[in-house]
Amino acid sequence: VANVRLEDKFHYICIPTGATFEDVLAILENEHVLVNMQSFNWCAKRKNYIKHIYPGRYKIKNRMSNNQLIIMLRAGLQEPVKVTFNNIRYLEQLAKKISTQIEADSASLADLFHNEEFIGEYGFDTHTVKGMFIPNTYEFWWNTDAKAFFIKMNKEYEKFWNYERESKSLEMGLSRNEVSTLASIVGEETRKEDEKQRITGVYLNRLEKGIRLQADPTVKYAMGDFSVKRILKDHLNIDSPFNTYKYAGLPPGPIRIPSIKTIDAVLDYEEHDYMYFCAKADFSGYHVFAKTLSQHNKNARSYQRA
């Protein structure tokens with residue numbers, strides 16, 4: 001006899017780790033999925049569900065019987081969740097985003113991401129670990145804890161860095177972290193996918209010639225404030241390894257979690273002689289490129305006037 005009555009075809013409930021039978025009853029009651037709680041209670045005890053409580057995210061279908069529901073719950077036949085994340089600049093943001101999709105809370109995730117000893121076993125530190133998280137959609141069990149989340153993401157990271165990407169990185173003379181770091185800067189500089197390869201080429205030219213990158217986004221990251229619209233002289237003196245106006249070379253790690261498209265744009269960078277770029281005066285979001293400082297200054301003045 002059906003005991004589940006839903007307005008829709010199905011409804012999800014989440015049973016947390018360590019939940020008791022009483023907790024499950026409270027969840028079912030709060031979610032208003034059962035017509036008769038007493039009949040479910042009686043049936044669950046008869047089928048000994050009270051000794052087989054498994055955490056997870058369960059898909060309850062309309063018109064399910066007590067027997068069908070209990071068999072699903074007692075066997076732990078949960079539904080996976082699709083975890084997604086993008087546009088992340090700080091580890092705390094990532095922890096908060098993930099905690100809304102799986103059971104692990106933001107504090108446990110953030111603590112693990114900053115645990116030097118743990119992440120060091122996987123070859124990362126607190127500066128480089130952001131590059132391990134590749135933005136995409138992944139399947140997880142809802143009752144995944146922080147450690148299990150990290151381990152799976154590390155496996156996905158290793159799969160992402162396949163032979164083709166690894167070979168391109170080696171040809172560039174850059175490590176995985178350096179590619180991710182450069183991609184994070186390029187991703188902050190422009191949202192235009194069709195000019196990311198050219199901007200990458202500019203930064204590679206500057207690195208090759210030992211010229212400081214002077215990338216405004218790295219200063220904003222050092223400040224911890226991306227709302228700043230204009231970088232002033234005082235900002236350029238911030239003493240941070242991420243300040244590419246003060247220190248030569250790439251920063252010690254990514255200033256954001258770069259997208260797959262941006263990483264691939266960096267790996268397929270455009271070879272040219274440009275050394276500078278600035279925003280176009282038409283406010284299109286595109287940039288104008290220059291080979292000499294005098295030409296760059298002229299372009300910059302044009303933008304400032306606009």
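A salt bridge is a side-chain nitrogen of Lys or Arg within 4 Å of a carboxyl oxygen of Asp or Glu. The model is predicted, so local features need pLDDT of at least 70 and side-chain atom pairs count only at pLDDT 80 or more, while totals for chains, interfaces and linings use all residues. Residues are numbered from 1 along each chain as its sequence is written, and side-chain values use heavy atoms, with hydrogens and water left out.

**Salt bridges**

A search of the whole structure finds eleven salt bridges. Select Arg176 and Glu158 to see one, with N to O at 3.2 Å. Arg176 belongs to helix α9 (residues 176-189) and Glu158 to helix α7, so this pair ties together parts 18 residues apart in sequence. Helices here are DSSP runs of H or I with at least four residues, strands are runs of E with at least two, and both are numbered from the N terminus. Glu158 is partly exposed at 40% relative accessible area; buried means under 20%, exposed over 50%, and partly exposed in between, with a 1.4 Å probe and protein chains only.

Next, select Glu164 and Lys168, whose side chains form a salt bridge at 3.4 Å, N to O. Both sit in helix α8 (residues 163-172), four residues apart, about one turn of the helix. Lys168 is partly exposed, at 23% relative accessibility.

Move to Glu193 and Lys196, paired at 3.0 Å, N to O. Glu193 is partly exposed at 36%, whereas Lys196 is buried at 4%. Then select Arg89, Glu188 and Arg256, which a network of salt bridges links.

**Helices α5 and α7**

Show α5 (residues 106-113) with α7 (residues 146-160): they pack at about 50 degrees, with axes 9 Å apart. Axes are lines fitted to C-alpha atoms, for helices over the stretch in contact, and angles run from 0 to 180 degrees between N-to-C directions. The two helices are therefore oblique to each other, a term for angles that are not under 35 degrees (roughly parallel), over 145 (roughly antiparallel) or 65 to 115 (roughly perpendicular). For the contact (heavy atoms within 4.5 Å), select Ser108, Leu109, Leu112 and Phe113 of α5 and Ala146, Lys147, Phe149 and Phe150 of α7.

**Two positive phi angles**

Most residues other than glycine have a negative phi. Select Asn48, not a glycine, where phi is positive at about 60 degrees. Asn48 is in the loop between α2 (37-46) and β2 (56-61) and is partly exposed at 31%. Finish at Arg63, also not a glycine, with a positive phi of about 70 degrees. Arg63 lies in the loop between β2 and α3 (66-75) and counts as exposed at 52% relative accessibility.
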